[in-house]
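Please read the following account alongside the sequence and the model.

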Amino acid sequence: MPPRLNLFTARKAVPIIRQPSIHNSVLNRPQIGLTCLNKRYNSSDPKSGNQNPKSSTPSGPTQDPLPHVSEEAAAMEKIMGEKKCDGTPASPELEQGTPVSEILQRDEEAKKHMPKVMQDQVRNSPPSGSRSFSTYTRFAQEMQKQNSAGASGSADPSVELVANMITDVSNQAAEKQGLKFPAPESLPASENFRERYDSVLKLFTNMIMKSGKLTRAQRNMDTILDHLRTAPAPQPNPRRRLISTPNYAALPLNPVQYLNVIVNSVAPLLKIKSYSGLAGGGRALAVPEPLRLPQRRRLAIKWIIDASQKRRDSKLANRVAQEIVAVAEGRSSVWDRREQLHKIAMGCRANIALVEIRSKTRR
Amino acid sequence: MVPSFCGTCLSRLRPTPRVLPSLTSAPRAAPFHTTAVLSSVLMKKKNRDAPAKKYRERTAFRMKKKRHVERPRPPPAGERQALRKRIVLSNPNALEVKDMKDLSADTMIEARLRGSVLGLPMPMLDQLRASGAFKPHQGWAIFRRPGTVMRSETLEMGKNFHEITSEGAGKGKVFKRIISGVRASGKTVHLLQAMTMAFAKKWVVFTVPEAQDLVIGHTTYTPISGTNPTLYAQADATAALLSRVINSNRDVLSGLTVSREHPSLRSTVKPGMKLTELATVGTTDRAIAWTVFQALWTELTATSPAPSLEKHFQPRPPILVTVDGLAHWMKNTEYRTPEFQPIHAHDLAFVNHFLSLLKPGFEKPSLPNGGALVYALSTSNKPSVYALDVALKQLEARQAGVDPKSPEFPQPDPYANADIRVIDALNVPKPKDAKEGALEVQTLGGLTREETRGYMEYFARSGIMREKVSEESVSEKWTLAAGGVIGELEKLGKRVRVAA
């Protein structure tokens with residue numbers, strides 16, 4: 001039976017034995033700028049450190065060592081598919097035997113009885129993850145080169161010129177710390193013409209709009225805001241407090257915020273969705289589902305507009321504005337609607353589990 | 001054709017039952033299939049679109065009757081107009097601006113106050129309302145109390161008013177202005193400031209808040225007999241003017257008495273009567289409103305008592321006349337003569353009277369006791385009158401010192417059919433009396449940056465603008481407002497910025 005080759009481990013183990021002198025020689029070298037060396041030639045990723053030599057980009061004569069003879073033969077055989085009828089391998093390399101290193105690799109028992117020379121080599125081998133070749137030579141060569149250049153002072157003049165230019169430019173940049181004109185502070189979002197209106201204001205305006213007449217809707221919204229600005233400040237209702245509004249008297253001074261507070265206060269947290277056949281027998285069951293913020297706001301605005309339609313004022317803007325003030329004072333039916341919805345959702349919250357069970361069984 | 005046996009199991013299917021089963025046939029064993037071959041009756045396809053017609057039902061197209069939708073009833077007549085014309089001067093929600101000064105006789109000449117916003121005196125608001133100084137959509141409703149900016153033009157006017165009233169060389173002077181300027185540049189508010197100053201100085205104020213109302217055929221008109229060319233009196237409009245004068249100048253007029261005989265009003269007006277009473281005669285009996293107005297004007301422009309009636313004479317105060325929307329008085333009206341020819345606005349006695357004041361008076365100034373004529377043009381409601389454009393250019397040229405005979409002097413296009421009457425009305429010769437100023441055109445532009453800053457600070461201190469008022473922000477707003485046009489500045493100040 002041909003030996004099964006583990007290419008990856010073989011590749012790791014074999015060179016250790018083949019190139020015994022490298023690692024030791026590193027230690028014997030003078031320690032010139034070792035940290036610098038690590039910085040320069042090790043992995044570019046500081047987090048991975050020196051752990052993964054494959055991630056670093058080695059360069060040099062030992063960059064891509066050829067595989068071992070037997071590995072090569074095995075690969076060849078795999079590609080060519082050559083095999084004799086009796087199952088023996090086609091190539092003589094494979095037929096004649098397996099290198100000792102490979103046997104040692106797969107046989108733990110054999111390792112114990114290895115010759116002492118080989119055992120010493122394995123013991124002195126670098127930890128896994130270190131490079132199988134030295135990068136020190138090149139660095140040392142460069143250092144030597146630089147040192148000799150610095151000592152003689154006869155370096156390439158163009159290099160010096162470029163270096164001077166770089167220092168000049170960096171000095172100039174350091175001098176010009178301040179800008180000619182002060183940098184603009186962060187502009188308000190409304191300075192962008194696409195975002196010039198508050199998001200709730202925009203949503204509300206679009207929802208008042210009829211037949212695509214945006215300008216008319218905007219004019220109506222202007223009237224609504226003016227009404228909010230000039231109408232007396234709402235009286236707080238202890239049962240129905242507006243969210244995050246400690247001072248009701250300050251609301252009219254910022255009508256856009258007034259509108260925001262109203263819409264966010266009456267926005268429902270969820271909707272009731274009815275699942276048919278959830279309880280068996282085709283019966284529909286109500287299941288509460290959470291809403292996203294825009295959905296919540298949209299529903300609140302829809303309720304406010306619906307409720308305003310029952311008012312007896314001839315102008316739409318006045319109807320809506322009065323309804324908004326009614327919401328602020330807790331008089332509006334929108335509050336009832338919200339409370340009722342939340343009550344139903346509380347009642348049928350147990351059905352959420354059924355939906356989950358069904359979705360699991362469907363899967 | 002339906003096969004008579006089953007294709008799968010090859011058993012015979014039951015034949016279609018006959019109408020009369022033969023009695024002779026012996027009962028057979030039940031075959032495997034119990035279903036009759038042709039038992040299924042094809043269902044007739046129902047035509048769902050067209051419902052089945054009943055007998056003798058008509059087939060012609062019928063329109064569905066619209067269901068009556070319950071709608072709120074329209075508001076009572078006049079309510080909508082009242083709502084539209086409602087003037088709100090206060091917003092209790094806005095913050096009160098601390099130590100805001102009032103526009104008074106003292107502050108109107110103070111140059112230090114340039115650029116600051118001065119409040120209109122609260123007791124004067126009723127007078128201003130009565131004289132029609134405020135208009136809807138001027139933005140008074142967002143502040144705690146009405147206030148106006150002291151711009152350079154205002155201060156100059158204040159100085160003129162002060163001169164006319166004070167003892168000195170300028171006493172009893174008359175100055176005449178036509179106010180022009182781009183849209184929303186504050187022409188009407190300039191008139192309002194003039195009225196405020198006049199009330200503060202105890203002048204008599206005559207106002208025409210909307211010149212258009214006189215020429216659109218909404219008020220009664222009658223020819224005045226004995227005039228050539230025929231003039232037309234507008235009884236209702238004159239009565240409205242008289243009531244404005246009474247309500248806004250009650251204090252001043254009640255201190256003055258009738259000092260001469262008025263033969264046309266002999267039965268109702270006696271010397272020694274208060275001028276308010278005289279004016280009330282015109283508002284109660286509208287038929288004589290125009291005559292009463294003429295009598296009142298004679299009384300107010302009198303410089304000395306009639307002989308033997310000295311005891312009834314008090315020195316008359318200066319007069320301020322303001323007209324808003326002057327261009328409407330420069331064209332044919334909607335009124336017609338008995339020959340159904342259009343009546344020119346200058347043939348209306350009311351209009352004619354106030355336009356004739358622009359010309360220098362014969363022998364004595366047109367306002368002998370001094371005063372001011374401030375007539376404003378309008379840009380948002382402006383009929384296009386070519387002759388008026390030319391006349392204004394001529395006025396400006398004359399003001400700049402261009403000789404009317406020189407070729408630089410603007411002339412109307414001979415083919416444009418310019419209205420000669422309009423050009424003549426504004427072609428005012430240089431007054432002989434030193435006290436009478438020449439007619440001038442004053443163009444209101446934008447505020448300066450300093451004035452803009454004061455105005456923006458007023459917004460910020462009222463709690464309406466939630467922004468830091470710095471040099472940059474003021475400059476930005478000034479630029480966005482087309483160089484400080486005050487109406488545009490107001491919009492920018494009101495605009496709510498969304499925080500980033």
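How many of the 13 residues of α15(A) are buried? Ten of them are, and α15(A) is thus mostly covered. Here a residue is buried if 20 or more other C-beta atoms lie within 10 Å of its own, exposed if 12 or fewer, and partly exposed in between, with C-beta atoms placed from the backbone. Helices (H or I, at least four residues) and strands (E, at least two) are DSSP runs, numbered from the N terminus.

This is a predicted model, in which local features need pLDDT of at least 70, side-chain atom pairs count only at pLDDT 80 or more, and totals for chains, interfaces and linings use all residues. Residues are numbered from 1 along each chain as its sequence is written, while chains are lettered from A and ligands numbered from 1 in the order in which they are written.

The buried residues of α15(A) include Arg319(A) and Glu323(A), along with Val320(A), Ile324(A) and Val325(A). Among the elements of chain A that cover the buried residues are α11 (199-208), α12 (214-230), α13 (255-266), α14 (293-308) and α16 (333-347). The helix α15 itself takes up residues 316-328 of chain A; its end C-alpha atoms are 19 Å apart, which agrees with the 18 Å that 13 residues should span at 1.5 Å a residue. That expected span is 1.5 Å times one less than the number of residues. After α15(A) comes Gly330(A), with a positive phi near 75 degrees.

For residues 196-346 of chain A, UniProt lists "domain: Small ribosomal subunit protein uS7" in an unreviewed entry; such annotations may be inferred rather than shown by experiment. This stretch is 54% helix and 9% strand, and its end C-alpha atoms are 39 Å apart.

Chain B has 14 helices and eleven strands. Of its 500 residues, 37% count as buried. Two residues are in contact if their C-beta atoms, placed from the backbone, lie within 7 Å. Among contacts in chain B between residues at least 6 apart in sequence, 71% join residues at least 24 apart.

An automatic or database domain assignment divides chain B into domain 1 (92-256 + 317-445) and domain 2 (450-494). Their contact takes 19 residues from domain 1 of chain B and 17 residues from domain 2 of chain B. The C-alpha centres of the two domains lie 29 Å apart.

Where chain B meets chain A, the contact takes 16 residues from each of the two chains.
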